[in-house]
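Have the structure open beside you and try each task before reading its solution.

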Amino acid sequence: MGDVTGRIAEIVGERNLLTGDAVPDDYAKDESLTVEPAKPAYVAKPATAEEVAALLTLAAEHDLPVTARGAGTGLSGAARPREGGLLVSFERMNAVLEVDAANQVAVVQPGVTLAELDEKTAGAGLAYTVHPGELSASVGGTAATNAGGMRAVKYGVARHNIVGLQAVLPTGEIIRTGGRTSKISSGYDLTQLIIGSEGTLALVTEVIVKLHPRPAHAATLLAPFGDLDQVMRAVPEVIARGLTPNILEYIDNLTMAAISYTEKLELGVPAEVRDATQAYLVVGLENRDGDRLDGDVGLAAELLAELGASEVYVLDGGSARKLIQAREKAFWTAKAAGADDVIDVVVPRSEMPGFLAKVRELATAAEAGALGCGHAGDGNVHMGIFCKDPGKRHRLLHDIFTAAIAMGGAISGEHGIGQAKKDHFRALEDPAKVALLRRIKQAFDPKGILNPDVLFDRGVE
């Protein structure tokens, strides 16, 4: 251990290495509610890709498990290190290297937060549109988990907004994938393979993100419905009319009450309307032209009324911002309310009414609660699960995930599998596909040192 400590210190500098009791508790976990913390033996803070390569070469020599960490805001346990292993923290690799307005891309290091990138790109009238709900999240983290968020209904998830990477393989080799071009058809797409791999294939040391123009005008509509199924049936109609919302969220009445209370929201919804509401639909619209936006708002309001909304409220700018911020904090609201787990599941949006009905049925049978909200525009459901008994909760989650897969969905739309869902993943996925994923993992990481507890357990067949 002393030899390894000395060599890591030579690579990153003594002041950028933490060991033993000097490792803060925060490095032992991410924001998963169910994955138990574990202290790494070493926390190394590299400043360059070459230092990352040297760390991985050393780790391979000593069979040392390696976990990458951005900001630690993930919800699946993918950034929780293995006890006795090496945690590579990218907090020092936090520079926006270039905002390339001509090609509408930015080149950033993985430790840059979404808030920092947003500030840097604002001056050029551009934005990275992947906002998973936590602006302190790192760009590298959004790549590792293929993060999404509310704006994915219009702009897509991380893999639709990342065009190139620099990455270090567990063998210590540094590679570049993709680039600043809008299309590449030259061999296997390694960029897309590494995105969403949760630190199990390579460590990303540079990201080229796609930027979009910032529209000058925006509006937010809030539509209460007396029936959750009406909300779900309204979603495809809104999209089919060509309105192209940048936000299309459903929030059930209990979650709305909770976030309104904790965030002190004043949305102008009378008590009698709130009492008769089962769920809300939030529709965000944007346009470069104010008159066109006004036309879209009018069309959306008429359509929502036709589809069963009891009222349609066009929120003023302050109220709209507070509502979106409160929705983004729904995880913290659920956590504060005592949720035992918070999950995300994705189904085709046409299946959302049936899926939510099935979840209510399963939760009732398990004497549990399943409440929440979600990205209705892309079928991504977020739920706080209230079920104290671990065995019952595991069975309930397994049944919920099974229902999602049966409807053409998947057990995660944006949080990832991490350590929290790996047992469900292995049990429910197509065995042939799981076997292929293992072979890909083996090809990238023959010694199995990268995040060995994520997706698969090391050495488990």
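Predicted model: local features only at pLDDT ≥ 70, side-chain atom pairs only at ≥ 80, totals over all residues.

**Exercise 1.** Which residues in α1 meet which residues in α2?

*Solution.* Residues are numbered from 1 along each chain as its sequence is written, and side-chain values use heavy atoms, with hydrogens and water left out.

Step 1: find the helices, α1 at residues 2–12 and α2 at residues 49–62. Helices (H or I, at least four residues) and strands (E, at least two) are DSSP runs, numbered from the N terminus.

Step 2: list the contacts, meaning heavy atoms within 4.5 Å. From α1 come Asp3, Val4, Arg7, Ile8, Ile11 and Val12, and they meet Glu51, Ala54, Leu55, Leu58, Glu61 and His62 of α2.

Step 3: sort them by class, which gives seven nonpolar, one polar and four charged residues. Here Ala, Val, Leu, Ile, Met, Phe, Trp, Tyr, Cys and Pro count as nonpolar, Asp, Glu, Lys and Arg as charged, and the others, Gly among them, as polar.

**Exercise 2.** Describe how helix α14 (residues 352–365) packs with helix α15 (residues 390–406).

*Solution.* Step 1: take the axes, lines fitted to C-alpha atoms over the stretch in contact, with angles from 0 to 180 degrees between N-to-C directions. The axes of α14 and α15 come within 10 Å and cross at roughly 160°. That makes α14 roughly antiparallel to α15, the term for angles over 145 degrees.

Step 1: name the residues. Phe355, Lys358, Val359, Leu362 and Ala363 of α14 meet Leu396, Asp399, Ile400, Ala403 and Ala404 of α15. This contact divides into eight nonpolar, no polar and two charged residues.

**Exercise 3.** Where does Met383 lie, and is Met383 buried or exposed?

*Solution.* Step 1: locate Met383 in strand β18, residues 380–386.

Step 1: check accessibility. Met383 has 5% relative accessibility, so Met383 counts as buried; buried means under 20% relative accessible area, exposed over 50%, partly exposed in between (1.4 Å probe, protein chains only).

Step 2: look for neighbours. Leaving out residues up to four places away in sequence, Met383 touches Asp341, Val342, Ile343, Leu356, Val359, Ala370, Leu371 and Gly372. For Val359, 24 residues apart from Met383 along the chain, the C-alpha separation is 10.0 Å.

How values were computed. Parallel < 35°, antiparallel > 145°, perpendicular 65-115°, else oblique.
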